[in-house]
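Hi everyone, thanks for making the time today.

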Amino acid sequence: MSSSKPPRLAQWLLERGISGPQREALVGDMLEQYQRGRSAAWYWRQTVSAIAISFTAEISQHKALAAAVTVLGLYLPDIYMFSRVWVWVARFDHLWYRPLINSRWHWMVTDPWAYRLKPYLWTSEIASCAVPAVVSWILTRLYPRQTGLVLTLLVITQVGQRLPYVRSATEDWIRDPGNPIWLFGLLWFSAITFVAIPASILFAGAAGGRRARLSTD
Amino acid sequence: MAKREFPGGFELLVLLALIRVGEEAYGVPISDAIEESSGRAVAIGSVYITLDRLQAKGLVSSRLGEPTAARGGRAKTYFRITAAGLRQVRQARRTLIRLWDGVPQFEGGSA
C-alpha cells in the first residue's frame, strides 16, 4: 500500500513538465490512481512517459518556438561569453582571487586539493547557472502555456553543452583512478552539469510561469 | 477516391473504451478499460494526448467536472464520443471485419 502522497519530486516535475489543456486532469488522475494503491515506481514511470509524450506533442504543435529556444539554448554560452556580461563576471573572479592569494586563505588557490574547488571561478560557475535561469524565467513568462517545452529544451541544450567537460573529467579519472583529485573533478563537473544547472533552469522557469499565470488570472 | 479519416490503432482503443465506460468516462476508467482488455500497462499521458487529438477531430467532446479533495483539488475532465466518432468506429469495425473475412490464418478461430 502506498502512502497517500506521491513522490514529491515526481509530482513537482509532472506539474511543470507537461503542458496542454488536460494538465490538471492528468495530474489529478495520477494522484487518484496513486491513492488507490499504485506504487511509487508506477508514479515515476507515468511521470516520465507523460513528460516525454507532452514534449513530443508540443514540439510538433509549436515548431517555431521549439526551434527558437533550441538555437537560443545552443548559443547562450557564446552570447554571454562574448558579451559584456562575461567581462564583468571575469572582473568579479579577479576580485575574488586577489584577496585570496594575499590572505591566510591563500591555500584555497595554491593547495592542489582546494585548487580543484576553484574558488576564484565560483562567480563564473554561478553565472553559468544564473544566465540560463534568467533566460528560463523570461521565456516562461512570455510562453506560460508552453512551460514544459521551454524548460525541457533549455535543460537539454545546457546540459548537453557541458557534457564534454564531464567526459574530459571522466577520462582523467579513468587514466589515473588512484588520484582522488580526478574523482573530485568528476564529481564537481557532474554536480554543476546534472544538478545545479537543471535545478536553476527548472526553479526559475517554475517561478516565471507561476508569475505569468498569476498576472493573467 | 475521397480521402477518409480513419482512427489509428490506439485512437480506436480509446474510442471503444469511451463507449464502454459511458457517461462517467475520464482518464482513470478509460485507462483501466484499455488495460483490462489489452492486458498491457497504459501511459495516462498517451490517453490524454489521444483524447486531445480526437477532440480536435470532432470525434470526442469534453466537459469539466467538480474538483475533489481526493484529487488534490483538481477537477476531472469527462469525455464522451460524438455522433461523428460513433460513425468512425462503426466504419472501422466494418472495414476490419471485411479484411478479416476469408483470411485463411484466422479461419476456425485459431491464429
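Let's begin with the largest pocket, which holds about 740 Å³ of space. A pocket here is an open set of points on a 1 Å grid over the protein atoms alone, where a 1.4 Å probe fits, with protein on both sides within 12 Å along at least five of seven lines; lining residues have an atom within 4 Å of a point. The volume is the space filled by probe spheres set on the points, which are joined across faces, edges and corners. There are 33 lining residues, and A:Ser19, A:Gly20, A:Pro21, A:Gln22 and A:Arg23 are the closest to the centre.

Before going on, a word on the ground rules: this is a predicted model, where local features need pLDDT of at least 70 and side-chain atom pairs pLDDT 80 or more, while totals for chains, interfaces and linings use all residues. Residues are numbered from 1 along each chain as written, chains are lettered from A and ligands numbered from 1 in the order written, and side-chain values use heavy atoms, leaving out hydrogens and water.

Back to the pocket: which element gives the largest share of its lining? That is α3(A), with six residues. Chain B takes part too, with α3 (44–56) and β2 (74–81) each supplying at least two residues. Helices are DSSP runs of H or I with at least four residues, strands are runs of E with at least two, and both are numbered from the N terminus.

Now the interface. The contact (heavy atoms within 4.5 Å) takes 23 residues from chain A and 22 from chain B. About 1,700 Å² is buried between the two chains, 52% of it from carbon and sulfur atoms; that is the accessible area, with a 1.4 Å probe, that two parts lose on being put together, summed over both. On the chain A side, A:Gln22, A:Asp29 and A:Glu32 lose the most, together 31% of what that side buries. There are six salt bridges between the chains, each a side-chain nitrogen of Lys or Arg within 4 Å of a carboxyl oxygen of Asp or Glu. One joins B:Arg71 to A:Asp29 at 2.7 Å, N to O.

Finally, chain B itself runs α-α-α-β-β-α from the N terminus. In its helix α1 (residues 9–21) sits B:Leu12. Is B:Leu12 buried or exposed? It counts as buried because its relative accessibility is 14%, and buried means under 20% with a 1.4 Å probe, protein chains only. Leaving aside residues up to four places away in sequence, B:Leu12 touches B:Pro7, B:Val89, B:Ala92 and B:Leu96.

Terms used. Buried < 20%, exposed > 50% of the residue type's maximum accessible area, 1.4 Å probe, protein only.
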